[in-house]
Each structure stands twice: as C-alpha cells, then as structure tokens.
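Here are my notes on this model, as promised. Have it open while you read.

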Amino acid sequence: MKEKNVDEEVKPYHQKEMNRRTFLQKTTMVVGAAVGATLVNSLTGLPVSAVSSSSIMNSNGNKPDLVFPVISDVHIQSSNNLNLDKLVTTLEQLNHAAPKQDAFVVVGDLTDNGYTLEYNKFFTAYHAKKQTQAVSMFAIGNHDYWNGLSVANAQKLFLEKAGMESIYYHKVIKGYHFIVLGTEDGVTEGTFSANQIGWLAEQLMQANADDPHKPIFVFHHQPIKGTIYGSEWGFSKNRDLFYDTLKAYPQVISFSGHTHYPLDDPRIIHQKDFTSIGTSTAAYVWLESGRIQGEVPEGADILNQALIVEVHNNKVLIKRRDIHNNDWTGEPFEISYPAKTNKFTYTEDRDKKAPFFTKEAMISIVHDKSAAAGLTVMFTQAKDDLLVHDYKMKAINVETGKIEKEILAFSEFYKDPIPNPITLPINGLKSNTLYEIKVHAVDAFGNESQNSLKVLGKTAQGPVISLSKDILNGLEDKVDVTVENVRVPNGDWIGLYEASENPGKAASIWWTYTKVTDGSCKFTFDPKNILYPTRYKEGGAYKFVYFYGSGYDAVAETTFTVGSK
C-alpha cells in the first residue's frame with residue numbers, strides 16, 4: 001500500500017500475480033460467449049508494503065533531533081488479554097524500529113472501560129517495555145471514563161495510574177513543545193471546554209514565542225470535525241473555537257485517535273491552516289459505513305497500527321507502521337519547516353486523478369459462490385496514484401435494462417496483502433435472471449474511474465421446497481423437508497407459519513437456521529418443537545418459508561395441512 005505523489009507515474013505494483021489460466025480456474029463462465037467476451041487481457045498486482053524505513057536516519061545519513069512513537073485506542077480489557085498482547089507486540093516493534101526514543105505518546109482510550117484492573121494491565125506492560133529515557137505522555141479518552149465513577153473520580157483514577165499532573169498539560173522536550181489535551185467527560189464525540197481551549201491558546205503563544213520556526217505538537221483524543229479521514233466522529237461543541245485557536249499557528253501538528261480508521265488511507269493526514277493526523281488504533285480497525293463489508297470488516301480485529309515521528313532541523317517525518325504485519329505502510333509523510341500554508345502538500349484538493357482499470361484487467365462470475373438471489377464477481381483491482389478505496393457495482397437486468405441493485409464495497413485496502421483479484425458479492429437479485437454487472441473504481445478522494453469492468457451472469461433457479469407428504473396425520477406427525485438450489489447460508493433460516501399469515505407481521509410458529517450441504521438443506525420437522533402450540537391445529541393449513549438473511553427476504557415456500565389422526 002504505497003502512496004505516491006500525484007504527478008508520479010503509476011508503475012506496476014509488486015505483488016504475486018495471477019495469470020489468466022489461474023484466474024479462469026477460480027471462476028466459472030456462464031451464458032457462454034457473452035460472458036467470455038467480457039474478459040480483457042491479463043491480471044496485474046497491487047502493492048502490499050512500502051519501502052522499509054526501519055533506520056531512524058534521514059537521506060543524508062543524519063540522525064533526527066527528536067524521535068517519538070504515537071499510539072492510541074489500546075482498549076485494554078479486564079475480561080481477556082487480546083489487546084494486552086497487541087500492546088506488548090506494539091511496544092516491542094516500536095523499540096526495534098526506534099531504539100532511541102525521546103518521548104512516547106498515547107492519545108487516549110488506554111482502557112476499554114476505565115477499570116483499575118485495566119489500568120494495571122496497561123501500565124505493567126508499558127513500564128516493562130518502556131525506554132527509560134523516553135518521556136511518557138498520556139491523554140484521557142472517552143472510554144477511560146466508562147467505569148461508573150463520577151467524572152472527577154474517573155479523572156482522579158486516570159491521573160493516579162498515568163502519573164500525569166493534569167488531564168491537560170504542556171511539556172518541552174529537547175526544545176520542542178508538546179501540548180496534551182484531555183476530553184472532559186465520557187461523551188463519545190468529546191468535550192473540550194472554552195476554559196481548556198483558552199489554556200491551549202496561552203500554551204501556543206508560549207511555544208510560538210520560544211521559536212516560531214519549530215513544530216508544535218498537540219494531542220487530543222477526538223479529532224476536529226472537517227479535517228482528517230474519520231473526523232465525522234469528532235467533536236461539535238466548541239469545534240470552531242478549537243480550530244480557530246490552532247489556525248493561527250501553521251507549525252502545529254495535531255494528533256488525534258478515537259476513530260480507529262486505518263493509516264493506509266491518504267486522508268489520514270490533512271493540511272489547511274495547520275496539520276492534522278489520525279493515529280489509528282493499537283487494538284482493532286474501524287471504517288466508515290455504507291460498504292457491504294461493514295464498519296468492522298472480517299479480519300479487522302487483528303489489524304493494529306502506530307506512528308513514529310522523526311523531527312529534523314527543517315522537516316518532520318511521520319512514519320506509519322502496520323504492527324500486525326511487522327512492516328511499514330505507505331511512504332512517510334513529510335512536513336517542511338518553517339511551516340507555510342501555501343507550501344502544504346496534504347491538502348483536500350491534492351488528488352484530481354481518477355483511478356482506472358488497465359487494459360489487462362479481467363472480470364468474471366464465481367459460479368460456486370453465486371446463487372438464486374445473488375452473483376459473486378471476481379475482478380482485477382484498479383490502479384490509482386494514491387489509493388483505490390471503493391468499488392461501485394451495479395446489477396442491470398438485461399431483459400428490462402433497469403438497474404436492480406447498486407452496492408458500494410471497500411477495495412479491502414486495509415488488508416495485508418491487498419487481495420488481487422478481489423471477490424465481491426452482489427445480493428438481492430431475482431432468481432433465474434440474466435444480469436450485466438458493471439464495476440467502477442473510486443479513490444480515497446472520491447474520484448471515479450471513467451472506464452469500467454463488465455460481465456454477464458445469470459442467477460440460479462430459486463430454492464424449491466419439497467415435503468415427504470402434504471398431509472400430516474395428526475398433531476404429532478413428522479415430515480421430512482428438502483430444499484434444493486440453496487446458497488451457502490448467510491443468516492438464512494426457515495420458518496413455519498399459518499398459510500394465511502404474512503411473515504414479519506406474525507411471529508413464526510417454529511423456525512431453524514439452515515444447514516446446507518451440496519446446495520441442499522434437509523431436515524425433519526417434529527411438531528413437538530414448535531414455539532406456539534396453540535397455533536398448530538388439526539385441520540389447519542401451514543407453510544414453510546425459506547428466508548435469505550436474518551430478515552424476511554422470502555425466496556421459497558410450500559404448504560401442507562394437518563389432518564386428524
């Protein structure tokens with residue numbers, strides 16, 4: 001996942017490639033030549049790691065004036081040690097990558113609930129791995145208040161355990177100013193009072209008077225809305241006052257946590273009047289909503305990251321570390337000093353180039369992962385000068401020409417390695433229907449590819465329910481149920497209803513999740529397991545209904561009656 005300058009030529013990515021033969025072996029063509037004609041040329045790869053930046057040294061071989069790691073959102077839990085183990089790994093890696101640290105900063109949410117046991121776990125691990133010469137700085141986060149104590153007592157416990165003099169404070173390390181702020185309660189979006197912001201203004205004046213050409217480092221748990229990737233999770237109250245206080249000082253670098261958004265997205269750094277950067281998470285990654293993978297995609301719980309900041313005489317380098325992959329991600333962000341806003345490079349409008357699919361890109365239907373209500377598509381990832389973030393996918397009914405389904409999916413840029421080809425489902429389609437699937441790429445800044453990939457695919461015949469008998473002999477009689485042409489379950493279930501009832505308006509008399517083998521679901525219905533016995537009567541007519549997903553997306557049903565014994 002390598003970030004390049006916008007004017008740099010997009011070169012072939014370095015990843016193990018998949019040739020046409022392998023690609024076709026992984027997919028199954030449907031509707032003959034119509035689908036085969038959609039394949040175009042061969043497959044290329046995507047970047048999975050950046051050039052190593054392991055040595056703390058600039059291009060001239062000079063050591064930096066100051067080095068400090070920054071992490072956040074560690075979320076140590078009392079119930080298990082999963083995040084504790086990640087913290088230990090993080091500290092060990094950062095010690096290896098930066099063996100001579102001058103400071104170490106944690107930007108809030110040290111704990112998951114602010115419990116004493118969680119603090120004890122955190123600081124036992126931290127002090128065991130901490131470099132003795134490094135100055136420790138901790139900011140309080142919203143989760144650190146969630147212990148049931150009053151705000152004052154939650155702050156008292158944090159200060160006692162962290163060893164800080166206040167929830168907001170100012171330190172000078174080797175001539176560089178560090179200003180740490182503290183959210184003032186457990187409100188998720190964050191609370192920074194006018195009093196604290198007034199104090200911030202005074203500290204900025206002092207730092208600027210000391211040396212206006214040096215960077216000023218500011219740390220606060222929640223981000224400022226309207227700045228970095230994920231800042232929609234930032235604070236609203238006193239937002240403008242906070243921003244305008246920093247605005248007068250272009251040399252400020254503001255570090256914030258809270259969002260858990262990954263460092264791989266180029267929007268994680270933002271420059272306008274000053275520099276803002278997100279710190280990701282030492283626990284688990286979170287992403288924005290609206291994509292089919294969800295806000296916490298599969299595998300996100302193992303992803304954790306950190307920053308290492310190097311301060312040189314005329315620049316600051318911010319290096320991004322994939323702790324889970326024991327490697328760097330992207331090229332370091334470089335901020336020149338003295339800071340001038342007209343020289344900022346990480347601005348909102350810095351990327352105008354759209355992603356594109358190469359002439360060698362391929363697309364196909366994955367037949368064994370498709371079903372009656374959906375198709376699964378495998379295709380070559382697009383290319384971009386910075387980052388392909390999403391894919392827009394449309395399912396067009398070939399017979400009617402109408403778009404029946406549109407979805408947005410992550411490119412899964414947060415994975416190591418980035419999957420290429422990528423496989424994505426598009427569900428909610430009609431059974432036994434021919435569709436054209438059209439795919440456009442979208443980069444991190446919303447630029448959409450002009451070209452697209454297209455493929456034809458036909459959904460399978462819908463599920464069919466058959467019974468061993470249509471008339472049951474009394475209330476205790478069992479019946480064998482077989483459902484053919486079913487997909488691999490994704491929360492799918494079967495419910496029993498009165499034949500006249502509308503599922504969703506009435507509860508099911510009985511239900512079960514589906515278990516599928518070779519496209520079939522088989523079970524024996526035993527009336528003794530029904531949930532509402534008074535609704536199951538001799539002489540009544542009933543129906544089994546097959547649902548896709550956890551809701552009421554009915555795709556098949558069949559009826560039977562209960563006779564007298």
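The points below cover the salt bridges and a surface patch.

1. A quick caveat: this is a predicted model, where local features need pLDDT of at least 70, side-chain atom pairs count only at pLDDT 80 or more, and totals for chains, interfaces and linings use all residues. Residues are numbered from 1 along each chain as its sequence is written, and side-chain values use heavy atoms, with hydrogens and water left out.

2. The whole structure has 16 salt bridges (a side-chain nitrogen of Lys or Arg within 4 Å of a carboxyl oxygen of Asp or Glu). Arg267 pairs with Asp265 at 2.8 Å, N to O. Asp265 is buried at 0% relative accessible area, while Arg267 is partly exposed at 23% (buried is under 20%, exposed over 50%, partly exposed in between, with a 1.4 Å probe and protein chains only).

3. Have a look at Arg291 and Asp390, whose closest N and O atoms are 2.8 Å apart in another salt bridge. Arg291 sits in a loop and Asp390 in a strand, so the pair ties together parts 99 residues apart in sequence. Both count as buried, Arg291 at 18% and Asp390 at 4%. Shared partners join Asp265, Arg267, Glu288, Arg291 and Asp390 into one salt-bridge network.

4. On the surface, Trp511, Tyr513, Leu531 and Tyr532 make a nonpolar patch with about 440 Å² of accessible area together (Shrake-Rupley, 1.4 Å probe, only the protein chains shown counting as cover for residues; patch residues have over 30% relative accessible area and no salt bridge, with like charges joined within 9 Å and nonpolar side chains, Val, Leu, Ile, Met, Phe, Trp and Tyr, within 5 Å). Tyr532 is partly exposed at 38%.

Conventions. Helices (H or I, at least four residues) and strands (E, at least two) are DSSP runs, numbered from the N terminus.
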